[in-house]
Amino acid sequence: LMGKENQLSAMEVDDPKSTNSDQIAPKFSINVLQLLKSAQMQHGLRHGDYTRYRRYCTARLRRLYKSLKFTHGRGKYAKRTITEANVTEVRFLHVILYSAERAWSHAMEKRQLPNGPNASQRIYLIGRLRKAVKWASLFSQLCATKADSRTSLEAEAYESYMKGSLLFEQDQNWDVALKHFKSARAVYEELGKYGDLDNQVLCRERVEELEPSIRYCLHKIGQSNLQASELLNIGDMEGPALDLFKAKLEAAMAEARSQQAASMTEFRWLGHRFPISNAKTRVAILKGSAESVKDDLNGLDKAVSAVLGERTIERNLLLVKVAKSKLAKRNDDKNEKVTKPEELVRLYDLLLQNTSDLSDLVSSGRDQKSEEVSFAEECSCKTLAFRAERCFYVAKSYSVAGKRAEAYALYCRARSLAEDALRKLQTLDGNNKTMIKELEVLSNECRSNSCIEHALGIMEEKRTQENISEGISNISLTGVERSEKFLLEKLDVYESAVGDSNVKSAPRIAQFPPAFQAIARNPIVLDLAYNTIEFPSIENRMKKDKRAKGGFISRIFG
């Protein structure tokens, strides 16, 4: 009996149709995160183009259905579902994964509309996220039985992320969303400890992308000390998993502004306190702009206008810095637009106007406090400094034009203004080290440039005298002036025919138009003998008119 049992068991093992062999099914392996990250970066999500990625997922699904011969009929659509029995190769799992990605990318495409999704579009967006959750759940279920343990873990993390994203968009069940995000984070933290280096880096990046969403969920359920203003630092991160979070960020900041406006009752400026009674005005001030709507807000309007003037001066100073850098390297980069000194003169004109308006605004109105007096003195010092800078670049424009005397006088004037501004700034209290250093540099440049212009002026004057003497030497005693030769006439002499670059004179290369030259002409023949020749008579050769011999009747009847 024992021999028969052993023989029967051996037959069951060798039988390919036995139940034990059916239980041993192949386990598929998919590196889900690496597959999705590669597809997203190569097909649009590197630049946030969800439309392109959705089209890629659609095309990928079409190719998978065709290669698997799992199409849905011709003409009329026939639904075919993927079950555990259908999954005979790994491409069936790819179909479910890319279906989830297509639904998710379609939802994110609606989220990125210019003015945000309206009510109907938001309903459609949430519907697509629900579809993505449905496909992700099916993917996780099939991977649990058809894939290896690592793929199953990644599928569970993917499902948790999709469920958390749906609740995140619905603005509800923040504790459940937090649970899903934490579950996904835990899986990726564990998977990041194993595998090759590329996989570890991808898992760590995914953990960092999930962290802001987790912190935001904690903030919404009140389990975090995170301030709403600190959310801006989180929003600086990049990644597809953060796009839903960034959409919520602006709403959170608007809520934070409203809460801060509720506690804001006054606006301080240069020692003055201006009461704010209008809630909308408080919120407007927190955003950076305000307007005077009542007579009792005149002081507040003055303060806000002064702050706006200071910001305008800062902006123009930044433009001056950029123009100066371009002017300094204009000879290095020939493709870049050339910056002329006149552009800096125009910018300093704007700065002088801004400083004058700001000084008038501060010095007008009510009794001035010590802060306002010191602010007005600082404005006057800035005016002197801007005048010195403007005069310096006016001198540069004259120097480029070759006007040495005017440039020399303007450099001396700019140096005088810079020294006056330095003396005033040194008497003021405050942190003016940057402006003092800039004025010292300006004074030194004015001195060096004035010396250069003085030397160039003397050289050009001497050269002018030489040209005059050369011109006099070209005058001949016979009254015929000897003009300067052209380049083509003196090729054997090494002399420049272009002239000085600072003097606007035409180069003498060749004479144009060319001078007239005498050329030989065909002789003129005059027939002088024609009028003195007597020609013979030829009347006998002429035909006579018969009608002239007849009378009147013959002339009538022919």
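At 7% relative accessibility, E389 counts as buried, where buried means under 20% relative accessible area, exposed over 50% and partly exposed in between (1.4 Å probe, protein chains only). The model is a predicted one, in which local features need pLDDT of at least 70 and side-chain atom pairs count only at pLDDT 80 or more, while totals for chains, interfaces and linings use all residues. Residues are numbered from 1 along each chain as its sequence is written, and side-chain values use heavy atoms, with hydrogens and water left out. E389 sits in helix α15 (residues 370-400); helices are DSSP runs of H or I, at least four residues long, numbered from the N terminus. Leaving aside residues up to four places away in sequence, E389 touches K324, Y348 and L442, contact being heavy atoms within 4.5 Å.

Turning to the nonpolar cores, the largest has 63 residues, of which Y53, I82, L93, W104, F139, F181 and Y188 touch the most other members. Such a core is a set of buried Ala, Val, Leu, Ile, Met, Phe, Trp, Tyr and Cys residues joined through side-chain atoms within 4.5 Å. Helices α3 (32-42), α4 (50-68), α5 (90-111), α6 (119-146), α7 (149-170), α8 (174-191) and α9 (197-220) each supply at least two of its residues, and α5 gives the most, with 11. Another core, of 39 residues, lies apart from this one and includes V362, F386, V394 and L417.

I524 is exposed, with a relative accessible area of 68%.
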